[in-house]
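Subject: Structure for your study

Dear colleague,

Please find the structure below, handed over for your study.

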Amino acid sequence: MTVHPSLQPAIDAWTHSIEAISELVTPLVEGEWNRATDCPGWSVRDVVSHVIGFECELLGDPRPIHSLPRDLYHVTSEFARYVEVQVDVRRCHTAPEMTSELEYTIIRRSRQLRNETRDPETVIRGPLGEHTLSRTLTTRVLDVWVHEQDLRRALGKPGNLDSPGAVITRDVFLKALPGVVAKKAQAPANSAVVVDVTGPLEFMRTVRVDAEGNGKLDASVSLGPAVTLSLDWETYLRRAAGRARPEALADKVKIDGDRPLAEAILANFAVTP
């Protein structure tokens with residue numbers, strides 16, 4: 001048996017993004033590893049440590065036995081504590097140690113994924129609990145690509161906003177959009193909300209809310225929507241990934257229509273931890 005065809009796009013996107021991370025950080029000097037990112041409390045080193053740690057857990061490596069310091073004020077939940085262990089244990093690692101571990105982890109995970117023969121619906125255990133193999137790989141693409149973009153912003157090296165990882169991440173974000181509009185922001189029944197995104201990844205989607213208050217995503221244009229949100233793809237990413245508060249992006253989002261509803265949508269826009 002070989003890799004199931006439905007898994008190959010996610011594997012390819014993961015490979016593209018994690019190799020891009022490796023290319024970004026390999027030439028960095030020691031001080032650049034300490035640059036702050038949009039992830040609260042995390043430096044460039046910390047983001048790379050997080051990526052390495054999750055991939056190692058999917059390889060079946062034992063988790064580090066490590067006690068966290070008490071002054072990590074960005075750690076505010078049990079899940080955050082779980083994630084932070086893989087990060088904090090590497091805070092003393094040098095640049096060569098980081099790049100060599102990342103490279104070795106990529107080699108090992110790439111081999112594991114090349115030899116993957118399980119059905120996409122096989123339930124596996126990972127850092128985020130038990131999920132299907134297909135969902136786990138999609139989540140890894142989103143996580144790695146979003147962190148690639150965190151690193152690019154921190155290092156001033158933009159790129160790959162239209163890569164395979166970007167497309168998969170967009171689709172995950174859009175899948176969550178009806179729930180954001182209809183349930184979290186409580187858009188009125190029988191209304192429509194349009195999101196118009198420009199930039200390297202350009203798309204327009206309408207969320208239609210039915211009489212029962214359920215939202216459905218639609219690629220067609222809506223006449224007379226309650227709200228139209230116009231923004232560029234990187235702004236969409238930063239808000240959907242929880243990297244920036246709505247007020248910090250106010251000058252990058254154009255609102256037409258019901259402003260209180262638009263603000264409620266933007267306030268609930270983040271769909272990742």
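Is D46 buried or exposed? D46 is buried, with a relative accessible area of 4%. Here buried means under 20% relative accessible area, exposed means over 50%, and partly exposed lies in between (1.4 Å probe, protein chains only). D46 has its place in helix α2. Leaving aside its neighbours within four places in sequence, D46 is in contact with G41, V87 and R91, where contact means heavy atoms within 4.5 Å.

Before you read further, please note that this is a predicted model, in which local features need pLDDT of at least 70 and side-chain atom pairs count only at pLDDT 80 or more, while totals for chains, interfaces and linings use all residues. Residues are numbered from 1 along each chain as its sequence is written, and side-chain values use heavy atoms, with hydrogens and water left out. Helices (H or I, at least four residues) and strands (E, at least two) are DSSP runs, numbered from the N terminus.

The sheet

An open sheet of five strands has the order β5-β4-β3-β6-β7, with mixed pairing. Two strands pair if DSSP finds at least two bridges between them. β5 and β7 (254–257) stand at the edges with a single partner strand each, so one side of each is left without a neighbour in the sheet. On average, neighbouring strands of this sheet are turned by 15° against each other, direction ignored. For such angles, axes are lines fitted to C-alpha atoms, for helices over the stretch in contact, and angles run from 0 to 180 degrees between N-to-C directions.

β3 and β4 run antiparallel and are joined by seven bridges; the bridge partner of D196 in β4 is M204. Their hairpin has four residues between the strands, and G199 there takes a positive phi near 115°. β4 is joined to strand β5 (residues 215–218) by four bridges, and these two also run antiparallel. V209 has G215 as its bridge partner in β5. In the hairpin of β4 and β5, with five residues between the strands, G213 takes a positive phi near 85°.

α7 lies across β3, β4 and β6, running at about 105° to β6. α8 lies across β3, β6 and β7, at about 50° to β6.

How many of the eight residues of helix α7 are buried? Six are, so that this helix (residues 233–240) is mostly covered. The buried residues are W233, T235, Y236, L237, R239 and A240. Their cover includes the helices α5 (133–155), α6 (164–184) and α8 (259–267), as well as the strands β3 (191–198), β4 (203–209) and β6 (227–232). Just after α7, G242 takes a positive phi of about 70°.

Helix pairs

Two packed helices are described by the angle between their axes and the distance between the axes. α5 and α6 pack at an angle of about 115°, with their axes 9 Å apart. They are therefore roughly perpendicular to each other, a term for angles of 65 to 115 degrees; under 35 counts as roughly parallel, over 145 as roughly antiparallel and the rest as oblique. The contact is made by T138, V141, L142, W145 and V146 of α5 and by G165, A166, I168, T169, V172 and F173 of α6.

Helix α1 (residues 8–25) and helix α2 (residues 44–58) pack at an angle of about 145°, with their axes 12 Å apart. W14, I18, I21 and V25 of α1 make the contact with V44, V48, V51 and E55 of α2.

Two loop residues

Most residues other than glycine have a negative phi. N160, although not a glycine, has a positive phi of about 60°. N160 is found in the loop between α5 and α6, and at 23% relative accessibility N160 counts as partly exposed. Q186, also not a glycine, has a positive phi of about 55°. Q186 lies in the loop between α6 and β3 and, at 63% relative accessibility, counts as exposed.

Yours sincerely
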